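Morning, everyone. I'll go stop by stop.

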Amino acid sequence: MSLAIVLVAFPGFYFLGRRIAEKLSLRFADGQEAIIVASALGCFAVSYLTALVCFLHLVYPAIFWLLLIGIFVFCFPREWLQPPAKSTSAQSLRRDFKSLFEGDGFFRFNVAILGLLVFISLTLALLPPTRTDALVYHLAVPKAYLENHGLVHLPNNIYSFFPHFIEMIYLFFLGLGGEGAAVLSGWALSLLLLCALSYYFQQFLGKGRAILPAVLIFSTPTFLEVGSSAYIDVPLGTFIFMAFYCWDRWRTTLKDPWLWLMVAFTGAATASKLTAVIILPLAFLGVALQGRNRLDSTWIMPRLGILVLGVALCMSPWWTRNLYYSGNPFAPFFIHIFGGEGGVNWDPGRTHLLQQLKFGFGNGFKEFLLMPIHLTFFSQKGFPYYDGVIGYLWLVLLPCAYWALPKKTDSVEYRNRILSLFVAFAVLFAFWFISFQRIRYLTILFPFLALLLACGFQRMPTRLSLGGKLEDGFSLKRWTYRLAALALLGNLVLILNFWTELKPLPFLFKTETREAYLTRRIPEYRTYQAFNQTLKKNDKALFVFMRNFGYYCDRPFYSDSFFEGHTIQRILASSSAATDVVQQLRRLGITHLMYNATLLRSMASNLPPEQQRVLAEFLDKHTKREFRDGRFYLLRLVFN
């Protein structure tokens with residue numbers, strides 16, 4: 001049912017985007033471009049329609065169904081109702097489908113691998129969500145909005161103060177068809193990125209059809225995993241690339257509707273993840289370069305103004321929400337300047353501690369040179385090594401970037417596009433390298449690298465002369481094909497290892513219940529079930545080192561983001577006796593305590609002896625056990 005809802009809704013997004021494009025007098029080059037760009041534009045419109053519904057406190061499933069029905073009623077192309085004499089679009093689609101089985105063996109091999117990867121990713125997207133960020137906020141915040149029928153203040157979840165462009169799409173599908181539809185909508189946005197990359201390559205860079213850019217992206221184990229898990233990283237890459245695509249079309253056609261779409265997608269990316277703010281300098285550079293070519297300041301300034309105003313408008317709903325709930329439009333940041341501590345459980349001290357957390361191997365020149373090796377052979381899930389796996393194919397094809405470089409015989413347009421891709425990748429990579437070295441954050445820049453490598457791979461010489469005759473030289477392309485195929489198979493093995501580790505088939509074939517699957521995949525899940533069943537309507541639990549899976553909580557709770565022992569440490573630091581701890585928890589409305597005993601003991605071992613004594617006395621004399629599952633406890637506070 002969830003898959004059917006997504007398959008129905010996304011054509012509606014296309015119809016909506018197509019109608020908006022018509023109003024903007026935007027003409028597409030062909031049907032494929034129309035599907036890709038209009039679908040992304042429709043997603044943009046639906047996200048902000050959903051945000052409007054949230055602000056109006058009209059978040060009900062019936063409202064979302066009415067929106068979807070309205071989209072079909074008012075945006076469905078009337079000409080489609082007329083029986084065409086010859087369906088050129090249908091012929092084009094049949095031609096494109098047939099071309100998937102043409103070409104050389106390596107191309108057919110890529111088609112087969114990509115088909116398998118899409119199938120694997122679909123099976124992952126059909127599973128209940130278990131990844132941390134999805135349960136903490138990507139799905140948890142939309143669920144809270146749905147339960148409260150609109151915006152709600154979540155002061156103990158700092159992620160609820162982040163901009164939520166993609167989460168609004170998840171909320172739309174959460175209202176339509178539950179969690180399954182929400183997860184599948186993220187998966188569909190990931191597929192949209194693959195389609196956009198393949199189309200851009202075949203139209204503007206390559207010779208004939210090629211799906212290598214899509215294969216490079218989706219064969220990256222971490223990209224496939226997060227693209228099927230209700231994360232926003234791969235969908236974010238979709239909107240960043242669409243902004244670049246629209247800029248390139250504006251650059252070559254000088255039609256301002258493409259500029260307006262670039263502004264919309266730039267704003268969408270910025271309103272999806274704060275780290276995407278780095279694309280703003282690139283967007284300014286792109287507009288400024290066009291003005292430089294025209295040597296007309298009166299032409300460039302209004303367009304720069306449109307960019308600034310458009311991005312500000314895209315961010316304004318979330319700034320307004322933060323201002324209302326905390327008094328700081330940029331919460332949880334800049335608290336030392338704009339305040340807001342009273343409205344959000346955060347402070348400048350924790351911001352400073354968070355900035356000390358580093359992933360990867362470092363930011364030095366040596367680390368920069370060794371980055372391809374580190375990413376390929378030393379990346380792993382969890383802190384501190386990149387928190388993900390990149391696979392082998394990127395390293396094997398990295399030398400192909402050399403052959404992507406323009407030659408004197410290349411057209412001006414090819415040179416401009418390759419230079420633009422190099423600049424975009426270099427700026428985004430530099431930002432990633434000096435800030436957040438996590439593999440899933442590479443989704444905003446690797447689409448550009450994928451195009452460069454695919455272009456170089458296609459332009460690579462068949463043979464490489466080693467000083468003698470060219471025909472006697474090294475068979476470069478043949479060996480690169482072989483190495484790339486082996487690397488791709490290696491990536492597939494990594495993905496299949498993860499897939500078999502999940503054991504998805506029992507759940508997919510209905511031989512395993514949802515609760516059994518979640519219990520198997522989430523160690524804390526049984527404790528969360530006990531939390532939902534034990535607490536009454538007016539009870540509230542303090543979570544300590546429980547990973548704050550708000551999506552699976554049906555009762556109120558108090559938690560700390562990132563530093564999950566902050567509140568209990570603060571209370572212990574200001575308490576001289578166990579009764580003081582009880583009184584402070586009571587003032588917070590806390591009636592229960594849920595914690596990971598292993599991590600709590602580890603934290604306590606670093607406390608002063610007096611605080612250790614107070615904590616031990618509090619747990620012994622002022623709590624009563626309600627549930628225990630291994631190292632996870634649910635206690636009820638005893639108020640004397």
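Start with R547. Is R547 buried, exposed or partly exposed? R547 has a relative accessibility of 30%. Buried would need under 20%, and exposed would need over 50%. So R547 counts as partly exposed. Keep in mind that this is a predicted model. Where does R547 sit? R547 is in the loop between strand 1, residues 541-544, and strand 2, residues 557-558. Now look at its backbone. Phi of R547 is near 65 degrees. That is a positive value, and R547 is not a glycine.

There is another positive phi to look at. Go to S25. Its phi is about 60 degrees, and S25 is not a glycine either. S25 lies in the loop between helix 1 and helix 2, the latter being residues 31-55. The relative accessibility of S25 is 60%, so S25 counts as exposed.

Find A331 and P332. The bond joining A331 and P332 is cis, with omega at about 5 degrees. P332 belongs to the loop between helix 15, residues 297-326, and helix 16, residues 335-338.

Next, a helix pair. Two packed helices are described by the angle between their axes and the distance between the axes. Take helix 1, residues 2-23, and helix 8, residues 165-177. They pack at an angle of about 130 degrees, and their axes are 10 Å apart. That angle makes helix 1 oblique to helix 8. The crossing of helix 1 with helix 8 is right-handed. Which residues meet? From helix 1 we have S2, I5, V6, A9, F10 and F13. From helix 8 we have F172, F173, L176 and G177. Of the residues in this contact, eight are nonpolar, two are polar and none is charged.

Now W80. W80 sits in the loop between helix 3, residues 61-75, and helix 4, residues 88-99. What does W80 touch, leaving aside neighbours within four places in sequence? W80 is in contact with Y14, F15 and R18. At 46% relative accessibility, W80 counts as partly exposed.

On to R459, in helix 23, residues 446-459. R459 has a relative accessible area of 22%, so R459 is partly exposed. Its contacts, not counting residues up to four places away in sequence, are W403, A404, L405, P406, K407, D410 and Y414. Zoom in on two of these. The side chain of R459 has a polar atom 2.9 Å from the backbone oxygen of W403. With Y414, the polar contact is side chain to side chain, at 3.1 Å. Here is a pair to compare in sequence and in space. R459 and P213 are 246 residues apart in sequence. In space, R459 and P213 are 14 Å apart, C-alpha to C-alpha.

Last stop: T527, in helix 27, residues 525-534. Is T527 buried or exposed? The relative accessible area of T527 is 0%, so T527 is buried. What is around it? Leaving aside neighbours within four places in sequence, T527 is in contact with M546, M594, F627, D629, F632 and Y633.

To recap the accessibility labels: T527 is buried. S25 is exposed. R547 is partly exposed, W80 is partly exposed, and R459 is partly exposed. Find each of them on your screens.

Technical notes
Residues are numbered from 1 along each chain as its sequence is written. This is a predicted model: local features need pLDDT of at least 70, side-chain atom pairs count only at pLDDT 80 or more; totals for chains, interfaces and linings use all residues. Side-chain values use heavy atoms; hydrogens and water are left out. Axes are lines fitted to C-alpha atoms, for helices over the stretch in contact, and angles run from 0 to 180 degrees between N-to-C directions. Helices (H or I, at least four residues) and strands (E, at least two) are DSSP runs, numbered from the N terminus. Angles under 35 degrees count as roughly parallel, over 145 as roughly antiparallel, 65 to 115 as roughly perpendicular and the rest as oblique. A crossing is left-handed if the near helix is turned anticlockwise from the far one by less than a right angle, and right-handed if clockwise. Contact means heavy atoms within 4.5 Å. Ala, Val, Leu, Ile, Met, Phe, Trp, Tyr, Cys and Pro count as nonpolar, Asp, Glu, Lys and Arg as charged, and the others, Gly among them, as polar. Buried means under 20% relative accessible area, exposed over 50%, partly exposed in between (1.4 Å probe, protein chains only). A polar contact is a pair of N or O atoms within 3.5 Å; within protein, one must be able to donate a hydrogen and the other to accept it, and residues adjacent in sequence count only if both atoms are side-chain atoms.
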